[in-house]
Amino acid sequence: MVRVPKVESTAQIARLDAVLGFLEARRGIEAGTVRIGVALESPGGVLQALGIASASPRVAAMGGGGLDYHAEMRSEPRPDRMECLYLYSTILHVCRACGIDPIYSIYPAIHDLEGLARDSEWARSMGFVGRSCLHPKQVAPVNAAFGPSPEKVDWAKRVVAAVREGRTRGYGEVTMDGVLIGPPTLIEVRRILAMAGPDRDPGLMEPDA
């Protein structure tokens with residue numbers, strides 16, 4: 001993947017798409033192999049988010065924010081992150097609508113690993129799938145925050161077992177811990193087990209089953 005900072009227009013992505021296509025052909029690489037990750041770091045870029053995400057099938061991830069964004073917005077970082085609410089909400093909605101990965105912004109305090117972990121947990125709860133790192137020491141806390149916890153994996157496996165038992169018994173509906181297991185739950189289960197690795201995937205049913 002080629003990660004492009006400070007993207008503000010669809011024209012930037014179109015030009016990069018053409019260059020990558022030329023280089024792939026010249027080097028004998030299958031067309032479309034090299035993907036694009038974009039970073040929105042200005043108000044103009046955020047307002048063009050949907051067009052940028054749709055500018056090329058190569059676009060696979062989108063993030064934004066950072067010190068450049070704060071400088072242009074004349075904002076200051078807040079503990080509740082309200083200064084970036086529109087930015088994060090826009091990225092999340094655009095990414096989910098376009099089927100690409102939403103990536104959270106950097107954490108500038110390199111040595112504050114506890115703060116990094118808390119901030120990453122918040123981002124994960126919002127729907128981001130990862131974040132940018134400034135230093136190698138940040139990688140482990142970020143992976144821990146965005147990866148599936150053992151408790152989540154165990155819950156997902158319990159759901160699978162409950163659905164299988166319900167099907168064996170011919171139940172029209174299946175519940176676990178008093179909660180109905182529906183298609184959204186199965187989608188979440190598939191996502192968790194896919195993140196946990198192929199050795200954790202017991203062969204899930206289709207989400208609409």
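**Helix packing and parallel strands in a predicted model**

In helix 8, the residues K152, V153, W155, A156, K157, V159, V160 and V163 meet T185, L186, E188, V189, I192, L193 and A196 of helix 9, where contact means heavy atoms within 4.5 Å. By class, this contact of helix 8 with helix 9 comprises eleven nonpolar, one polar and three charged residues; Ala, Val, Leu, Ile, Met, Phe, Trp, Tyr, Cys and Pro count as nonpolar, Asp, Glu, Lys and Arg as charged, and the others, Gly among them, as polar. The model is predicted: local features need pLDDT of at least 70 and side-chain atom pairs pLDDT 80 or more, whereas totals for chains, interfaces and linings use all residues. Residues are numbered from 1 along each chain as its sequence is written, and side-chain values use heavy atoms, leaving out hydrogens and water.

Helices (H or I, at least four residues) and strands (E, at least two) are DSSP runs numbered from the N terminus. The axes of helix 8 (residues 150-168) and helix 9 (residues 183-196) come within 9 Å and cross at roughly 130°, the axes being lines fitted to C-alpha atoms over the stretch in contact, with angles from 0 to 180 degrees between N-to-C directions. Helix 8 is therefore oblique to helix 9, since angles under 35 degrees count as roughly parallel, over 145 as roughly antiparallel, 65 to 115 as roughly perpendicular and the rest as oblique.

Strand 3 (residues 59-64) and strand 4 (residues 101-104) run parallel, joined by three bridges; pairing requires at least two bridges found by DSSP. Here G63 stands opposite I103 of strand 4. Strand 4 also pairs in the parallel sense with strand 5 (residues 130-131) over two bridges, and Y104 has R131 in strand 5 as its bridge partner.
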